[in-house]
Amino acid sequence: MQFDINKLLQNLGIQEINDSASTGKNWSASPGKPEAVYSPVDGKVIASVNFAGVEEYESVIQQAEKAFQIWRTWPSPKRGEVVRQFGDALRENKEDLGKLVSYEMGKSLQEGYGEVQEMIDICDFAVGLSRQLYGLTMHSERPAHRMYEQWHPLGVVGIISAFNFPVAVWAWNAALAMVCGNVCVWKPSEKTPLTAIACQKIIQKVLAANDVPEGVSCLVIGDRKIGEAMSNDKRVPLVSATGSTRMGKAVGAALGARLGRSLLELGGNNAIIISKDADLEMSLVGAVFGAVGTAGQRCTSTRRLIIHESVYDNFRDKLIKAYGQLKIGNPLDENNHVGPLIDKDAVTSYLESIEKCKNEGGKFVVEGGVMEGSGFESGCYVKPCIAEAKNDYEIVQHETFAPILYLMKYKTLDEAIAMQNGVPQGLSSAIMTLNLREAEQFLSYAGSDCGIANVNIGTSGAEIGGAFGGEKETGGGRESGSDSWRAYMRRQTNTINYSDKLPLAQGIKFDL
């Protein structure tokens, strides 16, 4: 299909892209070696971007620190107004930015548009939040005293995002952090730098129009050295990191060593329990989208189906038929269901996982493989596959960022929940059932141990109104909705004595 990437980049304000570091208004070219940016859609080089080094990072951090001294004094509703305008700017650029997300990352066009809509939604959420950063008022045990708490911004918030949601996760963090009075330094995935540059171009126009101090929204494009520098930098009190568990452990360890804060949203190994009382047709839609959406590269992608033995054969056959109808190809063609993996390294991991599953005894009822021929020249397109497996297989215990779905049987709900919880990760989970008792047990303290637990909804996809994140090796962090804003602020308890005496707490006497 016809696609002019150069025109698209120009529409988003990207004429010169050999830049790597920005503080919101001015861009500083990096002396580093240019790195090619490839699209997994067709394998073509989109552009080359000079990666930032330590000097560029240092310059950005210094500018961010200066901006924080001013930005924190702006009233929160006024900061919210700036975020509101950013949301409007995203609305104006939704089509172009969505297409760039799809082309640079490889997810379907509808998912690209959906990701930009998530950014718009979180901006709307943050605008309302800007007038609701509430603290509590407590009764003092001392007479003529008033006690309350309030929340203050932290300072420089570091944001490390992954390739699979190259813009939405940044917006989840940035919109909340900014209305809370913080400034942001963003290190995007080196695999998807152009979408990050596009976002920075969009937001910098809004910031400039509102005379926002230079440095409130910062971008540093680079490799893992930038992330390491940020994690070890005492001037960055909070680092929000999204990615693999391995990466998150390194970030968490670095922050812990300096007693900084980490907000970690890491890997998932998500399961759907298909009850004997499930609506199988509805369950089929949730399972297939969860497994093949974004080519299985979501942290909430469905990896495991735990199916009651009485409906196992029936549901497996429905899955096989549905997989036979999947269309694989260019994600910008809305007739296709499945696009490419991010790069050839991901393809290698996919093939290795298939072999590991077979070696452990897994039986593939839908075979995998790499797509070949016209339209698949990038070498990044693979076949979504299904294997009958056991929950304790080593490969099943790991997260493979690819469209591999594992099927397993269960007899009792307790057994199914134990299997669902029997992996190191704890992000998203779901049960498909019309049985109220089963649904309530799944959501109870004796049910799912994940941060997200759904009934009659798949594991993949979340609204911004709820806190997003998971437990165990998923990291424990929460982003987006609910009271996630508190992660970006520090709590302060205040007590005011308006009497002419100085009574002490707990009735302690201290007379002079």
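1. A nonpolar surface patch of about 660 Å² is formed by L502, L504, I508, F510 and L512. Patch members have over 30% relative accessible area and no salt bridge, with nonpolar side chains (Val, Leu, Ile, Met, Phe, Trp, Tyr) joined within 5 Å and like charges within 9 Å. A salt bridge here is a side-chain nitrogen of Lys or Arg within 4 Å of a carboxyl oxygen of Asp or Glu. Areas are Shrake-Rupley values with a 1.4 Å probe, and for residues only the protein chains shown count as cover.

2. Please keep in mind that this is a predicted model, where local features need pLDDT of at least 70, side-chain atom pairs count only at pLDDT 80 or more, and totals for chains, interfaces and linings use all residues. Numbering runs from 1 along each chain as its sequence is written, and side-chain values use heavy atoms, without hydrogens and water.

3. L502 counts as exposed because its relative accessibility is 70% (exposed is over 50%, buried under 20%, partly exposed in between).

4. Helix α14 (residues 413-421) has L413, A416, I417, M419, Q420 and N421 buried. Their cover includes strands β12 (270-274), β13 (302-308), β16 (404-410), β18 (428-432) and β21 (471-472), along with helix α15 (436-443). Contact means heavy atoms within 4.5 Å; helices (H or I, at least four residues) and strands (E, at least two) are DSSP runs, numbered from the N terminus.

5. T294, in the loop between α10 (280-292) and β13, has a positive phi near 55 degrees, and T294 is buried at 4% relative accessibility. S482 also has a positive phi, of about 55 degrees; S482 lies in the loop between β22 (479-480) and β23 and is partly exposed at 44%.

Conventions:
Buried < 20%, exposed > 50% of the residue type's maximum accessible area, 1.4 Å probe, protein only.
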